[in-house]
Amino acid sequence: MRYTDLVEIYAPLFTAIYTGNLKLFDTHVKKYSSLFLRKRVYLAIERARQCCMRTLFQRAVEEYTGTRIPIDVFETALRVGGDPLDREETECIVANMIYRGWIKGYISRERGMVVLSAKEGFPKISGSVNWMKL
């Protein structure tokens with residue numbers, strides 16, 4: 001196979017993003033961080049971590065029917081994914097994804113819920129105008 005080195009380096013990252021596996025993503029980035037820094041792609045890969053989180057959230061929300069999802073679901077998904085954050089940090093991540101257009105909906109802090117759009121709560125990232133904003 002041609003370019004076996006590239007497959008070895010980047011394929012696990014694509015797999016992690018596609019499946020929402022934060023543990024795989026983080027361990028692989030840690031393993032190859034010096035290479036990513038030398039190739040000057042480390043920042044792009046760190047931004048791709050947000051895509052991995054979004055997929056993790058999407059998979060966690062698939063278990064629910066309806067559009068009102070408790071914020072605890074997102075918090076638990078991060079904890080299971082290997083990134084234990086508290087409620088406020090989880091709300092911040094979800095709020096940033098809503099701002100970017102990666103999640104359509106809003107956060108109801110009084111009820112501790114994320115209310116997703118009935119049509120498309122998780123639109124394609126490629127269709128989002130603000131996908132590269134921090």
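User: Which residues of helix 5 are buried?

Analyst: In this predicted model, the buried residues of helix 5 are Ile71, Val73, Phe74, Glu75, Ala77 and Leu78.

User: What comes just after helix 5?

Analyst: Just after helix 5 there is glycine 82, which takes a positive phi of about 95°.

User: How many bridges join strand 2 to strand 3?

Analyst: Four bridges join strand 2 to strand 3 (residues 113–116), and the two strands run antiparallel. Among the paired residues, tyrosine 106 has valine 115 in strand 3 as its bridge partner, while serine 108 stands opposite methionine 113 in strand 3.

User: What do strand 2 and strand 3 form, and what's in the turn?

Analyst: Strand 2 and strand 3 form a hairpin with four residues between them, and the turn includes glycine 112, which has a positive phi of about 70°.

User: Which residue has a positive phi although it is not a glycine?

Analyst: Arginine 40 has a positive phi of about 60° although it is not a glycine. For comparison, most residues other than glycine have a negative phi. Arginine 40 lies in the loop between helix 3 and helix 4.

User: Is arginine 40 buried or exposed?

Analyst: Arginine 40 is exposed, because its relative accessible area is 78% and the cut-off for exposed is over 50%.

User: Changing topic to helix packing: at what angle do helix 4 and helix 6 pack?

Analyst: Helix 4 (residues 42–61) and helix 6 (residues 87–100) pack at an angle of about 100°, with their axes 11 Å apart. The two helices are therefore roughly perpendicular to each other. Helix 4 makes the contact through Gln50, Met53, Arg54 and Phe57, and helix 6 through Ile93, Val94, Met97 and Arg100. By class, this contact of helix 4 with helix 6 has five nonpolar, one polar and two charged residues.

User: You listed Val94 there, so is valine 94 buried or exposed?

Analyst: Valine 94, which lies in helix 6, counts as buried, because its relative accessibility is 0% and the cut-off for buried is under 20%. Not counting residues up to four places away in sequence, valine 94 touches Phe57, Ile71, Phe74, Ile103, Ile107 and Val114.

User: And how do the axes of helix 2 and helix 4 cross?

Analyst: The axes of helix 2 and helix 4 come within 10 Å and cross at roughly 170°, and the two helices are therefore roughly antiparallel to each other. By class, the contact of helix 2 with helix 4 has nine nonpolar, no polar and three charged residues.

User: What does phenylalanine 25 touch?

Analyst: Leaving aside its neighbours within four places in sequence, phenylalanine 25 is in contact with Leu13, Ala16, Ile17, Ile45, Ala48, Arg49 and Cys52.

User: How many residues does the largest nonpolar core have?

Analyst: The largest nonpolar core has 34 residues, and those with the most contacts inside it are Phe25, Phe57, Phe74 and Leu78. Elements that give two or more residues to this core include helix 1 (4–19), helix 3 (33–38) and strand 3.

User: Which helix gives the most to this core?

Analyst: Helix 4 gives the most to this core, with nine residues.

User: Last one: is threonine 55 buried or exposed?

Analyst: Threonine 55 lies in helix 4 and is buried, with a relative accessible area of 12%. Leaving aside its neighbours within four places in sequence, threonine 55 is in contact with Ile17, Tyr18, Thr19 and Gly20.

Note on methods:
Residues are numbered from 1 along each chain as its sequence is written. This is a predicted model: local features need pLDDT of at least 70, side-chain atom pairs count only at pLDDT 80 or more; totals for chains, interfaces and linings use all residues. Side-chain values use heavy atoms; hydrogens and water are left out. Two strands pair if DSSP finds at least two bridges between them. Axes are lines fitted to C-alpha atoms, for helices over the stretch in contact, and angles run from 0 to 180 degrees between N-to-C directions. Angles under 35 degrees count as roughly parallel, over 145 as roughly antiparallel, 65 to 115 as roughly perpendicular and the rest as oblique. Contact means heavy atoms within 4.5 Å. Ala, Val, Leu, Ile, Met, Phe, Trp, Tyr, Cys and Pro count as nonpolar, Asp, Glu, Lys and Arg as charged, and the others, Gly among them, as polar. Buried means under 20% relative accessible area, exposed over 50%, partly exposed in between (1.4 Å probe, protein chains only). A nonpolar core is a set of buried Ala, Val, Leu, Ile, Met, Phe, Trp, Tyr and Cys residues joined through side-chain atoms within 4.5 Å.
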